[in-house]
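Okay, thanks everyone, I'll keep this short.

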Amino acid sequence: MTTVSATPPLRGEGASTPPAVDGSAPQRAGTDFPGRARINARTLRTDRWWLQPLITVSVLGVFIVYTGVRIFTREYYWVDEYHYLTPLFSPCLSDSCAPGSSHLGTPLPELPFFIPLPFLIFPILAGFRATCYYYRKAYYRSFWLSPPACAVAEPHKAYSGETRFPLIIQNAHRYFFFAASILLLINTYDAALAFFPETGFGFGIGSLILLVNVTLLWGYSLSCHSCRHITGGRLKHFSKHPLRYRAWMLVSRLNARHMQFAWISLISVMATDVYILAVSAGWISDFRFIG
Amino acid sequence: MSYEAHFRVWRGDAVGGDLQDFSVEVNEGEVVLDIIHRLQATQAGDLAVRWNCKAGKCGSCSAEINGRPRLLCMTRMSTFAEADMITVTPLRAFPVIRDLVTDVSFNYAKAREIPAFAPPKGVAAGDYRMEQIDVERSQEFRKCIECFLCQNVCHVVRDHEDNKDAFAGPRFLMRIAELDMHPLDEMDRKKQAQDEHGLGYCNITKCCTEVCPEHIKITDNALIPMKERVVDRKFDPLVWLGSKIRRRENV
């Protein structure tokens with residue numbers, strides 16, 4: 001591609017800010033800056049660009065409200081008869097937990113009513129999703145409108161991205177990944193326990209739901225961009241690390257489906273919790289295949 | 001199988017301009033650039049448009065069609081209904097020169113700010129040796145045709161002119177990632193990417209990837225891996241400590 005101007009100046013020499021032909025300061029939001037093509041519309045897109053942010057706001061909004069209310073409830077998260085524990089409360093670590101639901105013991109004392117039972121694990125789960133590279137795209141676009149869609153002007157007059165507090169915290173994603181992976185191991189144990197009710201081996205619909213849910217959660221975690229980096233992405237010489245290269249290739253294949261895993265696992269966590277809530281509250285009975 | 005299409009083309013310069021309506025013949029198999037050329041030939045002889053290869057390889061004919069950054073030569077007319085109004089404007093992130101031609105020199109200034117490939121000292125150009133699997137990851141980025149659609153669509157500079165000084169844009173952050181992943185490049189580009197080229201401004205909304213005519217996974221394969229490498233160097237105390245203890249760089 002050929003340039004139409006003489007050698008452009010470097011940083012600090014006025015390379016990036018075109019001269020204000022009408023003398024006004026170039027500080028407006030949108031694309032209406034002096035020197036650019038004068039087009040009043042914030043976008044000329046004719047497709048339904050607003051649909052995707054709308055769906056994102058709706059689904060994430062439902063999840064946020066649901067879990068926000070749910071973690072303050074102190075019942076119906078454990079089915080003692082079948083050993084079903086909802087992933088939102090696992091592990092349950094205080095003396096306030098229902099008998100039998102604390103696989104790792106109860107190192108914490110009774111909690112006052114205003115502290116949710118999963119007050120230690122929920123920030124990890126929420127932080128892992130909130131700092132996830134896919135969810136960042138989703139909520140920056142849909143909640144913060146930055147931008148609402150490609151080539152649709154955002155409403156904000158200033159923008160600093162993830163260069164300063166608080167958004168610079170997004171760089172801690174890998175630590176949330178590590179912590180969430182530990183919780184996922186516990187979730188895997190929970191799913192296995194759901195196949196061993198009080199009567200011995202047996203399983204019902206709830207056991208299968210927990211199994212599918214934990215499989216999807218593994219898919220989401222292993223397809224994570226930080227996981228991809230840790231397994232091999234940080235390497236400069238794959239040829240010197242053949243095993244890590246293979247792992248990186250595998251994670252890269254999963255990573256291409258990270259968005260799908262993000263949505264499906266989000267919905268499966270909520271669906272699993274709703275099912276266990278319904279069984280625990282006695283609204284429905286668990287269909288048993290064996291035991 | 002020809003029909004009359006409704007076109008709305010932006011005409012003007014840096015001082016001002018407007019969208020002008022045209023009714024123009026369209027034939028089977030044509031692309032938008034063909035129609036712009038027909039407008040030049042029949043109705044608007046002084047309509048300015050930059051183009052070169054007509055094959056999606058030179059990156060010259062970047063513009064916005066119905067508000068979406070695209071190559072004029074790679075946008076088939078068959079993707080529109082005959083009754084559609086098709087709006088063609090210049091790139092909206094760069095200063096306009098005239099009609100559909102913009103001044104993209106911002107991008108060349110940014111290109112010059114990135115230090116060139118830095119091979120090991122004492123190794124002559126003809127003596128570079130590397131394993132294929134070490135170099136193939138960054139070869140994806142070599143497909144870039146420098147159409148600057150990604151630079152144009154990125155809201156960091158498209159919606160905020162004042163960020164142009166600090167932010168290199170996705171095309172050149174991808175170039176930094178390409179060099180940082182290169183098995184023979186010895187320069188530490190991680191802190192540079194964050195501190196001098198504005199990687200932290202990127203909020204990974206993936207518009208660069210959406211508009212890339214070469215289908216390069218800019219965000220997933222270049223920008224996010226580069227952000228993770230920056231975390232290694234600037235924000236992760238454990239990795240920093242490990243690198244000091246084991247004294248290993250460029251693994």
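So, strands β3, residues 62-65, and β4 of chain B pair in the antiparallel sense, over four bridges. If you want one pair to click on, B:A63 has B:R70 in β4(B) as its bridge partner. Bear in mind that this is a predicted model.

Zooming out, that pair belongs to an open sheet of five strands in chain B, ordered β2-β1-β5-β3-β4, with mixed pairing. The edge strands are β2 (17-26) and β4 (68-71) of chain B; each has a single partner strand, so one side of each is left without a neighbour in the sheet. From one strand to the next, the twist averages 35°. Lying across β1, β2, β3 and β5 of chain B is helix α1, residues 32-42, and it runs at about 100° to β2(B).

Now over to chain A, and a helix pair. The axes of α2 (122-130) and α4 (173-193) of chain A come within 9 Å and cross at roughly 130°, so α2(A) and α4(A) are oblique to each other. The crossing is left-handed. What meets what there? From α2(A) you have A:I124, A:L125, A:G127 and A:F128, and they meet A:F176, A:F177, A:A179, A:A180 and A:L183 of α4(A). By class, that contact has eight nonpolar residues, one polar and no charged ones.

Last bit: the two chains together. Their contact takes 71 residues from chain B and 57 from chain A. On the chain B side, the largest share is eight residues from helix α9, 218-235. That side of chain B divides into 32 nonpolar, 17 polar and 22 charged residues.

How values were computed: Residues numbered from 1 in each chain as written. Chains lettered and ligands numbered in written order. Predicted model: local features only at pLDDT ≥ 70, side-chain atom pairs only at ≥ 80, totals over all residues. Axes fitted to C-alpha atoms, helices over the stretch in contact; angles between N-to-C directions. Helix = DSSP H or I, 4+ residues; strand = E, 2+ residues; numbered from the N terminus. Parallel < 35°, antiparallel > 145°, perpendicular 65-115°, else oblique. Left-handed = near helix turned anticlockwise from the far one by under 90°. Contact = placed C-beta atoms within 7 Å. Nonpolar A, V, L, I, M, F, W, Y, C, P; charged D, E, K, R; others polar. Pairing = 2+ DSSP bridges.
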